[in-house]
Amino acid sequence: MNKLIPLLFSLLFFASCTKSKIYTSRSCTICLNPEDGILLLPLAWEPSFRKLSVAQKNQLERQILADLRAKGYERIELYDQLDYELLKAGIQDLNDPFQRAKIQFELGYSYLLGLSLGPTREGEGWSYQTEQEAFALDPVPDMEVSAILRIALIEVSSGEIVSDNTVVSKNSGFSKPDKDGGLDYWNFATLSRVIQKGVRKGVDFLSKQCAC
């Protein structure tokens, strides 16, 4: 039992080693004030997020809202949580510039935050190479769990994208030699967790890039 506990801590450490890189398509062109209202577009509207369950999408939305509020943006809400206010203001079509302008001038939200999910990859959770295979430099098993995520901030009044970043997040797992000279390959990461890590990195980058 004493040997098992350090091993579990080690596995949890490796499972959390997700690395993210950010690529900017459009650097932030606005000064985002804490009092500026931001509406998060529901992930259920974006077909690419069908890879996640409803519960996972809801959790991701809550994470985004919480992360932005923690950075001082108090007027941050999920778009479809304002159903009554939107209906009362006659806002039904975001593609209509007149209706979209009402989001800012009648409801007080200046920006829309939209996310889309690009290619994802889910490798094996476990694999093994014998000593002979490892010595012969056979291809390493595909253990990678990765996701490409786009995060765009849209100005309500103009409909223009004022910040556009892509976050590439991946977890490659780890390997461990066994007593026979072979290699065990493990990856305890899940796609939803890798996406969560990427979103947190992207939201943090967005808030710093658009800071006044």
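**Exercise 1.** Classify Y79 as buried or exposed in this predicted model.

*Solution.* Burial is judged by relative accessible area: buried means under 20%, exposed over 50%, and partly exposed in between (1.4 Å probe, protein chains only). Y79 has a relative accessible area of 6% and is therefore buried. W45, with 49%, is partly exposed.

The model is predicted: local features need pLDDT of at least 70, side-chain atom pairs count only at pLDDT 80 or more, and totals for chains, interfaces and linings use all residues. Residues are numbered from 1 along each chain as its sequence is written, and side-chain values use heavy atoms, with hydrogens and water left out.

**Exercise 2.** Describe the geometry of the aromatic pair formed by W45 and Y79.

*Solution.* Rings of Phe, Tyr and Trp (its six-membered ring) pair if their centres lie within 6.5 Å; planes under 30 degrees apart count as stacked, over 60 as edge-to-face, the rest as tilted. For W45 and Y79 the centres are 5.2 Å apart and the planes make 65°, which is edge-to-face. W45 lies in the loop between strand 2 and helix 2 and Y79 in the loop between strand 3 and helix 3 (83-88), so the pair ties together parts 34 residues apart in sequence. Helices (H or I, at least four residues) and strands (E, at least two) are DSSP runs, numbered from the N terminus.

**Exercise 3.** Identify which residues form one aromatic cluster.

*Solution.* The whole structure contains four aromatic pairs. W126, F174, W186 and F188 form one cluster.
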